[in-house]
Every structure is written in structure tokens, then in C-alpha cells.
Amino acid sequence: MNTTITGIGSFIPSKVAPNAGFENHDFYNDDGSPFGHENTVIIEKFKAITGISERRYIKDNLVTSEIAHIAAEKAIVEAGIDRETLDYIIVAHNYGDVKHNTQQSDTVPSLGSRVKHLLKIKNPRCVAYDIMFGCPGWIEGMIQAHAYLKSGMAKKCLVIGAEALSRVVDPHDRDSMIYSDGAGAAVVEAREGNSGILTHSSATYTYDEAHFIYFGESNKQEMNDARKYIKMYGRKIYEFALSNVPLAMKECLDESGVHIDELKKVFIHQANEKMDEAIIKRFYKLYGKTPPEKVMPMTIDKLGNSSVATVPTVFDLVSKGELKGHEVNAGDVVIFASVGAGMNINAIVYRM
């Protein structure tokens, strides 16, 4: 029996936030000093590095668990299953439900329990819980579901990645332009056949790297604000990712026995366009090759970085033929890979 994705769904918010919307922001360095450039220059440099021209934010009346539910409904419909037969619901996120214009994250009850409630599942044997693993959370949830299915503890699982980063960004930090909102969900089942998860790999680096992404005060130091915001050491993350993600992907692919030339797509966390391009080049260089054209579908230009939602969202779009120039077909081999807070890295080799 193989762990097979039988349904995929996503929620992409309708509210578009273009780069131009940041032209009137007051940006500061992390030491509280003002930037020495006009915002138009900051935005131009930001676009050149990250590839982001716009991002999506949820409407004021929504929270993370609700967009997770929307994506889950779509995945369940596509899978054609009775939701009462789900054994596990795993929700990957990092900041819980943060209501508009509030300062506190709400994680009790868990988002898993909230999603199960919204799905109106009565079966108490359907166990719902959360996983906080940084941006690689959805992939790690898939790995956990795989373990349940392979061991016989479950037959059907629902794995969701959802985040509303717009609720935890510092408007005075340039990095706030990176983040966005979204949700992606997958129904995975134990199925006979050739498709499914072939291999997986995970790692956590904490000796020097644990606090590369953290919760900190606003860059505008004169603010009397008790809130904490998502913060990161961008250069350290970039160097860490380039050193470790390609190796994790290679380890996973080598273990699968699949030749690099058979790889059809790499669905990588949409963190930063230049970083992702560097990762994919270094990955192929480990095999003495250059990446084929269109091997790495990208959505960051229009959707930004929605953390745990990026991988399932781009996979959903490609699976449904909604991302121009990209498709996957039965028998294709793909890799899911991510890096994020923790610092965590993981990868899955999957046959369609």
C-alpha cells in the first residue's frame, strides 16, 4: 500500500496587495535607524531580490482556521471521500488564529479541532491536531500521515497548511513585504498501485540556527507596542538554505532510486525567488547537471510567501492545469521541499 494524494485543494485570498501599497510605509532598520533610501528604491530592490510584485491578504473577517477549512473542503470533494472516514486531520501553521486588529494569537482549541468542527465531522475517532514546524509544516504533516498509513494506524488523512502572515508582520520592517496569506490541503490515502510517497527526509538544525526566524519587537523603537512580530535574519537563512536544502533533496532522491533525469517537477517552498533559483541550481550541480526549463513552478511573483501554504498551493495549481506552462501527469516523479523556522528542512519524493 502506498501513501497517495487523492484530493488537493487550496484557498488563495482575493485581496491583492501590490508593492505600490508600501510606498508610504515608514521603514526602519532593526536597530531603529531610518533607511537611507526612498521607498521606491527599497521596493525596486526588494522586487529584484525576491521576485515578489504582489501578495494576497485575507479579508478582515477571516482567520487562519477558516481558510484552512475552505481548502480542506475542496480537497475532500476532489477525493470523493466520506469525511466521517478520516482518521487524522493535521493542520500545519505557526501563529494560530489572529483576529484582525488584535494582538494575541488564539490556539485553544487547536486549529485542527476548529477545522474538524467547521467540517462538521461527528466521528470522535477522527483525531485532529496541529503541527508547528515552520514553513516546512505541510510537508512534515504529510510525512506524519505517511507513517500512520504505512503502519496501518490510518487509512485516510487530511493534511492542511494554512497561514495568515499579514496579521503578524511589522509594517516598519522591509521584510513585511515578503509575507502573504493562504491555505492548501491534501487528502492522502493508503492505495494499491505505483503512485505515492517513495522516500522522505527531515532535519532540524538548532545549534546555531534555532533563532534565525523569531518573534520580536517593531523596528520603530519609539512605539509603545506590546506586540511581537515575525522577524528573520535573511542573509543567514539564505546561506543556510543553500548549504543544506540541496543536500537534503539529493539524499531523498538517491534513496528513492529515481534518476535525476526522471524528475519532472520540484515543488519548493516559495520563500524568495533568488534563493529558490540558487537552491535548484545547486541541487542539479550535485549531479553535474543544470536544471531543465520549467522544472520549478513559481507563484511567488503574485502570491508572495504564505509559509506552510506555498507548497500545497502551487501543487494544487499545477495539478489542475492552472499555472501556465506547467503540468504533471500519472507516473511523473516530483519532489516537495521546504526550509523554515526551527531551522527545519524536509523533502518528499512522490510519484504521481
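Q: Is Ser307 buried or exposed?
A: Buried means under 20% relative accessible area, exposed over 50%, and partly exposed in between, with a 1.4 Å probe and protein chains only. Ser307 has 3% relative accessibility, so it counts as buried. This is a predicted model, in which local features need pLDDT of at least 70, side-chain atom pairs count only at pLDDT 80 or more, and totals for chains, interfaces and linings use all residues. Residues are numbered from 1 along each chain as its sequence is written, and side-chain values use heavy atoms, with hydrogens and water left out.

Q: Where does Ser307 lie, and what is its phi?
A: Helices (H or I, at least four residues) and strands (E, at least two) are DSSP runs, numbered from the N terminus. Ser307 sits in the loop between α7 (300-303) and α8 (310-319). Most residues other than glycine have a negative phi, and most peptide bonds are trans. Ser307 is not a glycine, yet its phi is positive, near 55 degrees.

Q: What is the phi of Lys120, and is Lys120 buried or exposed?
A: Lys120, also not a glycine, has a positive phi of about 60 degrees. Its place is in the loop between α3 and β5 (127-131). With 68% relative accessibility, Lys120 counts as exposed.

Q: Which residues does the cis peptide bond at Pro109 join?
A: The bond joins Val108 and Pro109, with omega about 0 degrees. Pro109 belongs to the loop between β4 (88-92) and α3 (111-118). Another cis peptide bond runs from Gly342 to Met343, where omega is near -10 degrees. Met343 is in the loop between β12 (333-340) and β13 (344-351).

Q: Which residues is Gly96 in contact with, leaving aside its neighbours within four places in sequence?
A: Contact means heavy atoms within 4.5 Å. On that basis Gly96 touches Thr64, Ser105, Asp106, Thr107 and Leu111. The C-alpha atoms of Gly96 and Leu111 are separated by 6.8 Å, although the two residues are 15 apart along the chain. Gly96 is found in the loop between β4 and α3, and is buried with a relative accessible area of 2%.

Q: What span should helix α4 have?
A: The expected span of a helix is 1.5 Å times one less than its number of residues. For the 15 residues of α4 (residues 137-151) this should give 21 Å, and the end C-alpha atoms are 21 Å apart, which agrees. α4 is mostly covered, with eleven of its 15 residues buried; among them are Trp138, Glu140, His146 and Tyr148. Gly152 follows α4 and has a positive phi, near 85 degrees.

Q: How many helices and strands does the protein chain have, and what is its radius of gyration?
A: There are eight helices and 13 strands. The radius of gyration is taken over C-alpha atoms, and the globule rule is 2.2 Å times the number of residues to the power 0.38. The protein chain has a radius of gyration of 20 Å, close to the 20 Å given by the rule for 352 residues, so it is as compact as a globular protein of that length. Buried residues make up 57% of the 352 residues. Of the contacts between residues at least 6 apart in sequence, 77% join residues at least 24 apart.
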